[in-house]
Amino acid sequence: MNEADTEIISGLLENFGYSSTNDPAIADIVLINSCSVREKAKQRAINKLKQYNSLKKKNKQVKIGLVGCVAQQHANEVQTQIPDIDILLGPDSYRKLTDILISDDKKAINNILSKTEMYDNLQSIPQNTYYGYIPIMRGCNNFCTYCIVPYTRGRERSLSFHNIVKHAKQLVASNRKELILLGQNVNSYSFQDKRFPDVLKAISEIEKIKRIRFTSPHPKDLDERTIQIIAQNTNICNHIHLPLQSGSSKILKAMNRTYTQSDYLHLVDLIKKHIPTIAITTDIITGFPGETDTDFQETLKIMEYVKYDNAFTFKYSPRPGTKAAEMPDTVSENTKSDRLNEMITLQKKHTLYRNNELKNTTQEVFIESNSKKNINHKIGRTETNKLVIIKKGTPKIGEFINVKIIDAAGVSLFGEIE
Ligand code: SAH
Ligand code: SF4
């Protein structure tokens, strides 16, 4: 979502005659787009900001700013640390950037959340040649007890159905091969009588769309109709990111995830029943307050059952202002690290297991780039979102091609053109 927001901000600036540069030393404006979902990400954003703020020593005119969730949540802290910051805009305030563009002596500081902002009449500038993002909904009403997102991105709202289809058609006309539907809870999309499966179906019917992805769905909103639509339409990728967070029903309840271990497993079974070859990935947190060893074993048990294709695993990071931040942090740092390592080791095994299943099969691969390690090799992606290094054959970047998978190692597959 931050990448999509960066595209929106680029569009806003280009509209005012700016163009982008990768060289901060010659920039008139430097913006850091930030995430505050974990403490580490927040600190990294503030450190970068300080680093770029020192550009002012050489160039008095340069404007330095922070946008995104850290700007939303920690505006005062950032202003105390960097009093001469010029821009501090939360996720619903990007239009305020124009304040500073119109008048040189003004700062652009705003973190008022909106109930309606979708940035739908702004022309975003895609950063990637082949992928196109469509933020179909913004915000979150779920208030999982560990999560800062409902506070930094406000309440759920959805882009009109008409504008989604219009945006998708524009992206396809500009040669985007893969469309990625985005939302903090992408499948709680709701606009008039339209729901998430209606969006998927309508997009899949647009001519020339090769691949459609979406992220992140919430398990509570994933219905059988959505799964059927994925199964029926070959251009909707056979990959689903299904955040688990914890395998223990007790911890899931404390997290306010609103599903139990058994609800989650039924959902996995239902998905696999309709689409046996689907890739399932997930997010898991360890060290949530009250997580005992028995709870953690439940998480490992689910990992073992599902054998995810990949998993993003995190140590619980208390976020100020959330409910969980007030619960006693009962899991020691050492235990969190041990549990995280255990999950990483298990996941590596499962990733390899899933990748090995593809050995000797033929997969359609979208060729994305040259390999950095070997100029004769190309890198592409399967519809299940796995990287394939093509060792034999000379496919062109930007084309879809059938590749025979000959080996698997770590997160990568190796293939050759048949
Ligand atoms: N809306 C998505 C998640 C968005 S945040 C969902 O509900 O699944 C992305 C991921 O960051 C989450 O899935 C969670 O695993 C992780 N995360 C969020 N808050 C966290 C925290 N306080 N500590 C550690 N990880 C966290
Ligand atoms: Fe955060 Fe939960 Fe909302 Fe996901 S559903 S963004 S984890 S509050």
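**Close-up views of a predicted model**

**View 1. Ala325 sits in a loop.** Ala325 lies in the loop between strand E14 and helix H13 (333–357). Helices (H or I, at least four residues) and strands (E, at least two) are DSSP runs, numbered from the N terminus. This is a predicted model: local features need pLDDT of at least 70, side-chain atom pairs count only at pLDDT 80 or more, and totals for chains, interfaces and linings use all residues. Residues are numbered from 1 along each chain as its sequence is written, chains are lettered from A and ligands numbered from 1 in the order in which they are written, and side-chain values use heavy atoms, leaving out hydrogens and water. Ala325 has a relative accessible area of 33%, so it counts as partly exposed. Buried means under 20% relative accessible area, exposed over 50%, and partly exposed in between (1.4 Å probe, protein chains only). Ala325 and Thr258 are 67 residues apart in sequence. Their C-alpha atoms are 19 Å apart in space.

**View 2. Thr226 is buried in helix H9****.** Helix H9 spans residues 224–232 and holds Thr226. Thr226 counts as buried because its relative accessibility is 0%. Its side chain makes a polar contact with the side chain of Asp223, at 2.5 Å. A polar contact is a pair of N or O atoms within 3.5 Å; within protein, one must be able to donate a hydrogen and the other to accept it, and residues adjacent in sequence count only if both atoms are side-chain atoms.

**View 3. Ligand 1 has 15 residues around it****.** The closest are Gln184, Gln245, Arg257, Asp283 and Ser317. A residue is near a molecule if one of its heavy atoms lies within 4 Å of it. A nitrogen atom of ligand 1 is 2.7 Å from a polar backbone atom of Gln184. Taken alone, ligand 1 exposes 550 Å², and the protein buries 89% of that. Accessible areas come from the Shrake-Rupley method with a 1.4 Å probe; for residues, only the protein chains shown count as cover. Strands E13 (279–286) and E14 (310–315) each supply at least two residues of the shell.
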